[in-house]
Amino acid sequence: MTTIIDGVSRTFAEYLLIPRLTRKEQRPDLVDLSSPIAVVEPNQLPRFKINTPIVSAAMQSVSGSELAISLARQGGLAFIFCSQAIESQAEMVHQVKAHKAGFVPSDTNTTPQKTLNEVIALMKQTGHSTVPVTEDGSGTGRLIGLITDQDFWEFEDDLSDPVMKYMTPIEEVIYGEEGLTLREANRLLHKHKKKCLPILDKAGHLTSLVFKKDYEDHMRHPLELLDDSKRLCVGAAINTHDYRERVPALLAAGADVLSFDSSDGFTEFQKEGIDWIRQEFGTDVVLGGGNIVSAEGFDYLVGEGGVDFIKVGMGGGSICITREQKGVGRGQASALLDVVKRRDEYFEETGRYIPICSDGGLSNDTQIVVALAMGADFVMMGRYFAMTEESPTPRTSINGQMYKPYWGEGTNRAQNWQRYGDGTESREMVFEEGVDAYVPLVGTVGDVLRTTLYKLRSTMVNVGADSLSDFREQAVLTLVSEQSVVEAGTSTVFQFSSTRDYEGGGNS
């Protein structure tokens, strides 16, 4: 006989937070938004944390390398989509990891015999204004000197002259020795008022470069998410069809976090994938699973040797039509509350804390706040990021307004046969679970996150919380009626002007 769950399937829009005591010493800028993304074992610290509780969806129209770089600089994490060839996904991951590494391998080099003309062409090709001069012209050759665009005048000097005539010779170059820390390298840059510090091994061979601009960039982004080598962090999605080939390639490229990308993760296919990854790579790999909408799904994917975090949500994204097409899913708030309840019970039983990601169903900043108050450790969004400058889709002008294309991974456009095939060799997509649309361009990732995170911190102060764990413990939610929604609006006054409030979005 069919089981009927008591109550109704609810959404985030049906809840409001009740204010709690705000202490005098509390300020939004003091609120800690860091959150674990890896399982927290008893009496241990989490293996991996994010500094901002927001990640981007693994979608073709959302999470490319440019967005991943921008989000990591704000403390969040992007999941590079897996609906592409393994090689191209691994290359996107590599681009993020190579973006800013502290100690940067030199990819723009010359020899003393090359001409100024050749060096100028090299600078224009790579965009770099500082060029190491090595014996063999490689990035690991013995350093002879440095030449920058300040050492010559392009339209005055003889461009057929050799580089050695204009370069700063090694005897006058300030450099660091291999083995020094990044902090020590930055101190040398500061002490000698230099913009670039070559790092040499004992034989005088170039090993890497350290730049002043990277230090300044880091100081402007104090929350940026970095690995132990001071490289930006990035996540990558995987599927249940080719994980045996995809996972090793992504890990070799430097992916920090992996997550199965599926509208329904409560399957034996995903469990087999989890078991294989744990058997081959152990528990050092931070691995997410899902999506699920029930406590039953949580228990299936979690346990010793299971996933590090669970994604909750089915059919709540702005371009997802799984519920309409298949009649499966659950209101995002109800799904999250059910899984959070089971997560907390599991923690009491085992001492293991499993972070939860609320994926989808977020139509504005307020609902992001509600999701975190309900117990999510972080949220995953698609539309929110698809609307930014850094998303991988082109700008499109429609009636004078700038838009960006946005489509679901369950559409024909995504051509994601690996995720939505029916198990046959043809893998023909019989029906779609997503739509193809346009979203307005709203600005950069930094711009939109700044507003969202300030709202979140301000609300946490209203609840008397100093951290996200405090927020979950102290939050009191109330259901809202249709009339209370009307009361909260501005329908009884005429507005001459207003500032546009950015609305964040749900995802896949």
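Is Lys 230 buried, partly exposed or exposed? Lys 230 counts as partly exposed, at 41% relative accessibility. My cut-offs: buried means under 20% relative accessible area, exposed means over 50%, and partly exposed lies in between, with a 1.4 Å probe and protein chains only.

A note on what I'm looking at: this is a predicted model, where local features need pLDDT of at least 70, side-chain atom pairs count only at pLDDT 80 or more, and totals for chains, interfaces and linings use all residues. Residues are numbered from 1 along each chain as its sequence is written, and side-chain values use heavy atoms, with hydrogens and water left out.

I stayed with Lys 230 and checked its backbone: phi is near 65°, a positive value in a residue other than glycine. Lys 230 sits in the loop between helix 5 (212–220) and strand 12 (235–238). Helices here are DSSP runs of H or I with at least four residues, strands are runs of E with at least two, and both are numbered from the N terminus.

I found a positive phi at Asn 43 too, about 60°, and Asn 43 is not a glycine either. Its place is the loop between strand 2 (35–36) and strand 3 (49–50). Asn 43 is exposed, with a relative accessible area of 85%.

Then I looked up a cis peptide bond: it runs from Gly 290 to Asn 291, with omega near 10°. Asn 291 belongs to strand 14 (residues 286–292).

**The whole chain**

I counted 16 helices and 21 strands in the protein. Of the 508 residues, 52% are buried. I also looked at contacts (heavy atoms within 4.5 Å). Among those between residues at least 6 apart in sequence, 66% join residues at least 24 apart.

**Cores**

Which residues have the most contacts inside the largest nonpolar core? They are Ile 37 and Phe 471, in a core of 102 residues. Helix 14 gives the most to this core, with seven residues. By nonpolar core I mean a set of buried Ala, Val, Leu, Ile, Met, Phe, Trp, Tyr and Cys residues joined through side-chain atoms within 4.5 Å.

I listed what Ile 37 touches beyond its neighbours within four places in sequence; among them are Phe 48, Leu 77, Phe 79, Val 257, Val 286 and Phe 378. There is also a second, separate core of 13 residues, including Leu 116, Val 131, Ile 144 and Phe 152.

**Two helix pairs**

Helix 11 (residues 365–373) packs on helix 14 (residues 445–462) at an angle of about 50°, with axes 10 Å apart. That makes helix 11 oblique to helix 14. Their crossing is right-handed. On the helix 11 side I noted Asp 365, Ile 368, Val 369 and Leu 372, which meet Thr 451, Thr 452, Lys 455, Leu 456 and Thr 459 of helix 14.

Helix 2 (residues 86–99) and helix 6 (residues 243–253) pack at about 20°, with their axes 8 Å apart. That makes helix 2 roughly parallel to helix 6. For the wording, angles under 35 degrees count as roughly parallel, over 145 as roughly antiparallel, 65 to 115 as roughly perpendicular and the rest as oblique. Axes are lines fitted to C-alpha atoms, for helices over the stretch in contact, and angles run from 0 to 180 degrees between N-to-C directions.

Definitions and conventions
A crossing is left-handed if the near helix is turned anticlockwise from the far one by less than a right angle, and right-handed if clockwise.
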